[in-house]
Amino acid sequence: MSSPPVSPAPVPVKKQPYPFWLGGVAATIAASITHPLDLTKVRLQASGDKRMIESIKKTVRTAGVRGLFDGISGTWLRQMSYSMCRFWAYDESKKIVGAGKDAPAYKLALAGSMAGGVAGLVGNPGEIVMVRLQGDFAKPPEKRFNYKHCIDALFRMVREEGVSSLARGVGPNVFRSVLMNASQLASYDFFKAELLKTPYFHDNIACHFTASFAAGTVATTVCSPADVLKSRIMNASGPGSNSTLAVIKTSLKNEGAMFMFKGWLPAWTRLQPTTILIFLTLEQLRNGVNYSRSKGYTFL
């Protein structure tokens, strides 16, 4: 008697990558919610405001509650250029360096640094527009840019200051972007993987929240010096005012070395919920994509 034919082993189905724009959408949602805190951080760094609560009160007093959302179109532009690029580039960079599920921290940081360099260049114009729109009302009326929205800002910058104005502060911005992605994206993946190794956490909101909280604190501290320099350079408009060395010398002379951590509390207060919201939203968007694919919807 002949034995029954042996069925071939099932070929594992290769997991389809998530849409490249998920990170940008998640970051845009998060940044829209926390925009008032980001606005306050920029004004503390670039103006004479001293305290976070006082700065918020000043904004409400001079421009109303609506003033807390000044420049939000710049935030959207920035997130849909910089953030969308960094999440996509991070996933691609992890493939390049071989950073799999349980990759060591150095590989994740390397992938994050590579993604940060690319995203910092791509997102620089949006970064400038965001900073200028947010910082405008903190200036005396005669020194304001008075941009109507992010598109108006881009056109006027090119027309009034030349195409090179879109690269203003690109050095500190790329440096800050490298630091941000190496610390925020990489540390989130690292903390999440470590938490999942314990018996107390599973791949759910509690794990995502804890990992993103830790990642936000690490990222705020690592990025503070470059963040302050970026805001001061991008918010300047005079000739020679975009010199990183000149800004450092002037700031050290007038404020001392601790100027590098000016606005740390509002930066942490803004980045912490933003980081948490980004990753919680991203994980839910991914769950939504997985669900839609399980139902046969292949457009995601």
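**Figure 1. Contacts of Phe 87 in the predicted model.** Leaving out residues up to four places away in sequence, Phe 87 touches Gly 23, Leu 185, Ile 278, Phe 279 and Leu 282; contact means heavy atoms within 4.5 Å. Phe 87 counts as buried because its relative accessibility is 6%, where buried means under 20% relative accessible area, with a 1.4 Å probe and protein chains only. This is a predicted model, in which local features need pLDDT of at least 70 and side-chain atom pairs count only at pLDDT 80 or more, while totals for chains, interfaces and linings use all residues. Residues are numbered from 1 along each chain as its sequence is written, and side-chain values use heavy atoms, with hydrogens and water left out.

**Figure 2. The largest nonpolar core.** This core has 24 residues, and Phe 87, Tyr 90 and Leu 108 have the most contacts inside it. At least two residues of the core come from each of helices H1 (22-33), H4 (72-97), H5 (105-122), H8 (170-196), H9 (205-234) and H11. A nonpolar core is a set of buried Ala, Val, Leu, Ile, Met, Phe, Trp, Tyr and Cys residues joined through side-chain atoms within 4.5 Å. Helices are DSSP runs (H or I) of at least four residues, numbered from the N terminus.

**Figure 3. The aromatic pair of Phe 87 and Phe 279.** A search of the whole structure finds seven aromatic pairs. Phe 87 and Phe 279 form one that is edge-to-face, with 6.3 Å centre to centre and 70 degrees between the planes. Because Phe 87 lies in helix H4 and Phe 279 in helix H11, the pair ties together parts that are 192 residues apart in sequence. Phe 279 is buried, with a relative accessible area of 4%. Rings of Phe, Tyr and Trp (its six-membered ring) pair if their centres lie within 6.5 Å; planes under 30 degrees apart count as stacked, over 60 as edge-to-face and the rest as tilted.

**Figure 4. The stacked pair of Phe 145 and Tyr 147.** The ring centres of Phe 145 and Tyr 147 are 5.2 Å apart, with 10 degrees between the planes. Both Phe 145 and Tyr 147 are buried.

**Figure 5. Gln 272 in helix H11.** Gln 272 belongs to helix H11 (residues 264-294) and counts as buried at 4% relative accessibility. The side chains of Gln 272 and Thr 217 are joined by a polar contact of 2.8 Å. Such a contact is a pair of N or O atoms within 3.5 Å; within protein, one must be able to donate a hydrogen and the other to accept it, and residues adjacent in sequence count only if both atoms are side-chain atoms.

Notes
Buried < 20%, exposed > 50% of the residue type's maximum accessible area, 1.4 Å probe, protein only.
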